[in-house]
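Work through the exercises below with the sequence and the 3D view at hand. Try each task before you read its solution.

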Amino acid sequence: MLRLAAFVLVLVALSGAPAAAAPVLVPQAPGSIPLLSSGQASPAALEVLGGSVLEQLNRTRAAHGLRPLRSSRSLVASARRHSAQMGRRGFFAHESADGTPFWRRIERFYADDGFRSWEVGENIFWQSPAGLAALSVVRSWLASPGHRANILSGSWREAGVGAISLPTAPGVYGGAPVTIVTVDFGERRR
């Protein structure tokens with residue numbers, strides 16, 4: 001049985017390219033990921049952001065009596081690739097730049113072969129530099145009925161968070177620095 005779920009969310013994030021050999025961290029609000037003086041988040045900070053988003057999602061789910069989501073390498077890879085594609089190509093949508101539906105893109109990483117049940121969903125977010133915090137990402141999603149439904153779905157067993165930070169991004173991002181966060185949700189049963 002192939003069931004699909006999709007929901008979208010938008011935000012605005014961090015970015016910039018390191019300007020000098022010795023990057024300088026800029027103070028941010030508590031809970032925010034550290035930014036380099038250029039305004040861009042480091043790869044390590046983006047890893048922390050991804051883990052923190054998953055942690056916040058699981059705290060929210062626990063408060064509603066739901067089981068925690070396990071991190072899935074396959075879903076992380078799918079989410080990272082989609083965040084990167086949106087940033088580099090200047091669009092913000094669940095569908096890929098070529099129009100491929102989100103579930104087909106996720107299926108390339110999180111296969112449905114051999115499972116009697118397979119379901120995926122997705123939330124996306126972007127923000128221009130401002131010291132992005134995981135809690136603000138999740139709160140934004142919770143304020144949207146569709147995104148909230150994704151987060152609080154009892155169907156999901158796994159999730160993968162992919163965040164990217166670019167010093168400039170074309171298209172809908174207007175050439176500004178941006179951080180994009182994608183979370184892909186999944187459930188597979190044999």
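The exercises go from the whole chain to single pairs of side chains.

The model is predicted, so local features need pLDDT of at least 70 and side-chain atom pairs count only at pLDDT 80 or more, while totals for chains, interfaces and linings use all residues. Residues are numbered from 1 along each chain as its sequence is written, and side-chain values use heavy atoms, with hydrogens and water left out.

**Exercise 1. The whole chain**

Find how many helices and strands there are in the chain, and in what order the elements run.

Solution. Helices (H or I, at least four residues) and strands (E, at least two) are DSSP runs, numbered from the N terminus. The chain has 5 helices and 7 strands. From the N terminus on, the order is β-β-β-α-β-α-α-β-α-α-β-β.

Next, take burial: buried means under 20% relative accessible area, exposed over 50%, and partly exposed in between (1.4 Å probe, protein chains only). Of the 190 residues of the chain, 52% are buried.

Last, take contacts (heavy atoms within 4.5 Å). Among contacts between residues at least 6 apart in sequence, 74% join residues at least 24 apart.

**Exercise 2. Helix H1**

Check whether the span of helix H1 agrees with its number of residues, then find what its buried residues pack against.

Solution. The expected span is 1.5 Å times one less than the number of residues. Helix H1 (residues 43-63) has 21 residues and should therefore span 30 Å; its end C-alpha atoms are 30 Å apart, which agrees.

Now list the buried residues of H1; among them are Ala45, Leu46, Leu49, Val53, Leu54 and Leu57. The buried residues of H1 pack against strand S4 (70-71), helix H4 (134-142), helix H5 (145-151), strand S6 (158-166) and strand S7 (178-189). Just after H1, glycine 65 has a positive phi of about 75°.

**Exercise 3. Strand S7 and its partners**

Which strands pair with S7, and in what sense do they run?

Solution. Two strands pair if DSSP finds at least two bridges between them. Strand S5 (residues 117-127) is joined to S7 by 11 bridges, and the two run antiparallel. As for cover, 10 of the 12 residues of S7 are buried.

**Exercise 4. Aromatic rings**

Classify the ring pair of tryptophan 126 and tyrosine 173, and then that of tryptophan 156 and phenylalanine 185.

Solution. Rings of Phe, Tyr and Trp (its six-membered ring) pair if their centres lie within 6.5 Å; planes under 30 degrees apart count as stacked, over 60 as edge-to-face and the rest as tilted. The whole structure holds 3 aromatic pairs.

For tryptophan 126 and tyrosine 173, the centres are 4.9 Å apart and the planes are at 85°, so the pair is edge-to-face. Tryptophan 126 lies in strand S5 and tyrosine 173 in the loop between S6 and S7, so the pair ties together parts 47 residues apart in sequence.

Tryptophan 156 and phenylalanine 185 are 5.6 Å centre to centre with 15° between the planes, and this pair is stacked. Tryptophan 156 lies in the loop between H5 and S6 and phenylalanine 185 in strand S7, so the pair ties together parts 29 residues apart in sequence. Tryptophan 156 is buried, at 1% relative accessible area, and phenylalanine 185 is buried at 0%.
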